[in-house]
Amino acid sequence: MGICISTSSYSSEIYDIEHGPENAVYYEEIKDATEGNQVVCSLHSQQGSKGTNQDYGIIYQGYGMEQGTFCGVFDGHGLNGHTVSKLVRNRLPSLLLNQRNDIVRYNSASNDDRNIENWKEVCVGGFRVMDKELKLMENLDCTCSGTTAVTAIKQGEDLVIANLGDSRAVLGTISQNGIWAVQLTTDLKPCVPMEAERIRSCNGRVLALKDESHVQRVWLPSEDSPGLAMSRAFGDFILKNHGVISIPHITYHHLNSSDQFLVLATDGVWDVLSNNEVVSIIWAAKSEEAAAEAVVDAATAAWEHKYPTTRRDDCTVLQSLHLERRTEEKGGGGESNGGERRRERSGRGHRRWSWCGRFVGDRGSDEREDDGEECDERDCGVRECHCLE
């Protein structure tokens with residue numbers, strides 16, 4: 001059974017590793033949200049058929065500033081993957097905030113804590129520290145266990161995406177032809193040319209199994225193990241000397257009014273649903289509160305249809321929606337009707353959270369909906385964005 005959003009009171013850290021069974025949590029620091037700046041969000045996680053659900057997700061309101069937000073989904077793998085992904089979910093947001101505070105405090109070149117270069121440094125440094133903390137944990141073996149991470153940090157009208165592995169961030173944006181998808185991240189897998197080049201330069205091997213020729217994996221130089229299907233991750237220390245890194249790929253977007261919602265999801269969703277399919281499901285959902293669950297349900301059905309003899313992967317979806325300036329800014333009957341329909345929904349008793357500003361995404365095309373086998377790290381799969389590398 002899937003687990004929806006749960007709430008928590010303020011603490012210096014979000015959760016310790018022993019706290020609670022929830023795979024999806026909502027955390028809020030703002031106590032007095034204003035009605036005019038509210039949005040609806042949804043977060044849903046569904047266990048697959050492989051065993052323990054190793055996916056975790058979080059929405060953190062009031063992150064870094066009153067109108068700031070942290071969103072993230074984490075997909076664990078390996079024997080202890082569920083523990084690693086939960087630990088990272090619980091620890092990473094506060095770790096990044098501490099990094100940000102230190103940088104702002106000591107960086108005399110900029111007094112603006114929303115500075116994008118600051119946040120780039122925060123993400124790179126914070127992810128590195130997170131990985132070191134995992135390695136130093138005496139009671140947790142991360143030799144062949146780890147987790148992906150895709151996070152979105154919103155500060156004012158700036159959006160910073162940090163991606164590690166093959167989870168994905170996609171934007172739903174409106175045009176005269178209706179809703180469409182813009183992929184904001186690259187799936188960082190061994191099939192990406194620059195990722196494979198780095199791994200091979202460190203004596204790692206990139207090969208696919210005979211009965212799984214479409215999935216490139218990372219192997220040790222002289223052993224047929226562990227066969228990791230991603231090129232960047234927290235943990236997996238057996239491969240850290242062979243090209244698998246914990247440095248996130250970071251992109252920046254300036255928010256505009258065309259964008260309707262952001263979706264973060266683990267690869268259990270993207271393996272069976274395209275970007276446009278996910279965006280369309282959310283747009284057509286009966287309520288914003290049910291949007292993430294609707295995508296998970298569709299992914300579960302797609303697994304059973306496309307791969308009936310394959311064990312289904314865990315599926316986790318995080319969706320957030322901006323509710324301001326709907327039909328007033330949009331021309332055309334289809335867009336106006338869609339906006340009006342959603343504005344009526346916003347009056348219901350859904351869980352809401354303060355999010356002023358609008359998500360990014362200049363007009364472009366969703367040309368790549370596959371797993372990124374043809375992509376290159378230099379082309380991050382994003383139209384009209386800035387890669388901070």
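A salt bridge is a side-chain nitrogen of Lys or Arg within 4 Å of a carboxyl oxygen of Asp or Glu. By this rule, the count comes to 7 salt bridges. The model is predicted: local features need pLDDT of at least 70, side-chain atom pairs count only at pLDDT 80 or more, and totals for chains, interfaces and linings use all residues. Residues are numbered from 1 along each chain as its sequence is written, and side-chain values use heavy atoms, with hydrogens and water left out.

**View 1. The whole protein.** The secondary structure comes to 7 helices and 18 strands. Helices (H or I, at least four residues) and strands (E, at least two) are DSSP runs, numbered from the N terminus. Of the 389 residues, 59% count as buried. Buried means under 20% relative accessible area, exposed over 50%, and partly exposed in between (1.4 Å probe, protein chains only). Contact means heavy atoms within 4.5 Å. Among contacts between residues at least 6 apart in sequence, 71% join residues at least 24 apart.

**View 2. The largest nonpolar core.** A nonpolar core is a set of buried Ala, Val, Leu, Ile, Met, Phe, Trp, Tyr and Cys residues joined through side-chain atoms within 4.5 Å. The largest has 33 residues. Those with the most contacts inside it are Tyr63, Val88, Leu96, Phe127, Met130, Leu134 and Phe234. Helix 1 gives the largest share of this core, 8 residues. Leaving aside neighbours within four places in sequence, Met130 is in contact with Leu87, Val88, Arg91, Leu92, Leu95 and Phe234. A second, separate core of 25 residues includes Val263, Leu273, Trp303 and Val317. In soluble globular proteins, nonpolar side chains tend to be buried together.

View 3. Gln155 lies in strand 6 (residues 149–155). How buried is Gln155? Its relative accessible area is 2%. A polar atom of the Gln155 side chain lies 2.7 Å from the backbone oxygen of Tyr63.

**View 4. The Asp131 and Lys240 salt bridge.** The two side chains meet at 2.7 Å, N to O. The pair links distant parts of the chain, 109 residues apart. Asp131 is in helix 2, and Lys240 is in the loop between strand 13 (234–235) and strand 14. Asp131 counts as buried, at 6% relative accessibility.

**View 5. The Arg168 and Asp187 salt bridge.** Here the side chains meet at 2.5 Å, N to O. Arg168 is in strand 8 (residues 168–175), while Asp187 is in the loop between strand 9 (178–183) and helix 3 (193–201), 19 residues apart. Both Arg168 and Asp187 are buried.

**View 6. The network around Glu195.** Salt bridges link Glu195, Arg198 and Arg232 in a network. The side chains of Arg232 and Glu195 meet at 2.9 Å, N to O. Glu195 is in helix 3, and Arg232 is in the loop between strand 12 (226–228) and strand 13. Both Arg232 and Glu195 are buried.

**View 7. The largest pocket.** About 1200 Å³ of space lies in this pocket. Of the 39 residues that line the largest pocket, the closest to its centre are Lys50, Glu212, Arg217, Asp267 and Asp313. Strand 11 gives the largest share of the lining, 5 residues. On a 1 Å grid over the protein atoms alone, a pocket is an open set of points where a 1.4 Å probe fits, with protein on both sides within 12 Å along at least five of seven lines; lining residues have an atom within 4 Å of a point. The volume is the space filled by probe spheres set on the points, which are joined across faces, edges and corners.

Terms used:
A polar contact is a pair of N or O atoms within 3.5 Å; within protein, one must be able to donate a hydrogen and the other to accept it, and residues adjacent in sequence count only if both atoms are side-chain atoms.
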